[in-house]
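Morning, everyone. Let me put the model up, and then I will walk through its packing.

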Amino acid sequence: VAGEPGEFLGEQAKAELGAHVLPLTRALEISATIGNETQFRKEALYLEALSLSLSRHRYTPLFAGYLSASYQTRSIPADKVTVGVDAVTGQPKVIVEKDSALVEQSLVQPRGSVNGSVLLASGARLTAAFSTDFLRFLTGDPMPEATASAFGQIVQPLWRGAGYKATMENLIQAERSLLYAMREFVAWRKDLAVQVASEYYAVLQARDTVRNNWADLRRSRQNVARERALDRKSTRLNSS
């Protein structure tokens, strides 16, 4: 906190009563963290970093999967199975007789799948998927039924987008753009520090200039008063 204001400031000295003295280090810290231009440049650098992250994300393995299940209940007529004799062949055969009674049957059917894909540096994209379907009756026939399938695919461009250079061009350009943005941001922060320090010392210099001018004015007034006093004394001596 500032002490007693200087007399050389005149009426403006009251504005300094209780004012906080800001050191240069704190001024540099504030200028580097607060301000419209500072925020704008930070956001621009952050956007370049996001662009690089997105470009790298295209070359990382991507996995996805889902799981679902269904449950249903249905009523079916009960069947009576008997053994009889075929009238034509005379051989025994199974005879299914329909009954009026209904049997409630419940079943659960979960489904799931997992798939993944990866983009290779040659421009080829490798895709693989695995899915399964499981069916189980909760009443009636307890035997489960399951089916599974696997799928694989690789796509290699032969003309457009083929080759290492064409595939990695976006990633390399994103890395260069981020590097250029970081260099520009660091250079701007150095320029900002020089500017703030120059303005800070310019204020101190202006204050010292006002103080020196005030001291010169006081000395000039004292010299004028001394000269006038000497003149009056010399006049009295001459008159006597």
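First, the ground rules. This is a predicted model, so local features need pLDDT of at least 70 and side-chain atom pairs count only at pLDDT 80 or more, while totals for chains, interfaces and linings use all residues. Residues are numbered from 1 along each chain as its sequence is written, and side-chain values use heavy atoms, with hydrogens and water left out.

Start with the cores. A nonpolar core is a set of buried Ala, Val, Leu, Ile, Met, Phe, Trp, Tyr and Cys residues joined through side-chain atoms within 4.5 Å. Buried means under 20% relative accessible area, exposed over 50%, partly exposed in between, with a 1.4 Å probe and protein chains only. The largest core has seven residues: Leu52, Tyr59, Leu119, Met168, Leu171, Ala174 and Leu178. Helix α3, residues 164–239, gives the most to it, with four residues. Helices here are DSSP runs of H or I, at least four residues; strands are runs of E, at least two; both are numbered from the N terminus.

What does Leu178 touch, leaving aside its neighbours within four places in sequence? Leu45, Glu48, Ala49 and Leu52. Contact means heavy atoms within 4.5 Å.

There is a second, separate core of five residues, including Ala27, Phe185, Trp188 and Leu192.

That brings us to the rings. The whole structure has two aromatic pairs. Rings of Phe, Tyr and Trp (its six-membered ring) pair if their centres lie within 6.5 Å; planes under 30 degrees apart are stacked, over 60 edge-to-face, the rest tilted. Phe185 and Trp188 are tilted: 6.0 Å centre to centre, 35° between the planes. They sit three residues apart in helix α3, so about one helical turn separates them. Phe185 is buried at 13% relative accessible area. Trp188 is buried too, at 11%.

The rings of Tyr200 and Tyr201 have centres 5.8 Å apart and planes at 90°, so that pair is edge-to-face. Tyr200 is partly exposed at 22%. Tyr201 is partly exposed at 48%.

Now the strand. Ser113 lies in strand β2, residues 92–119. Is Ser113 buried or exposed? Buried, because its relative accessibility is 12%. Beyond its neighbours within four places in sequence, Ser113 contacts Ala64, Gly65, Tyr66, Phe130 and Ser131.

Last, the surface. Leu47 lies in helix α2, residues 36–57. Leu47 counts as exposed because its relative accessibility is 54%.
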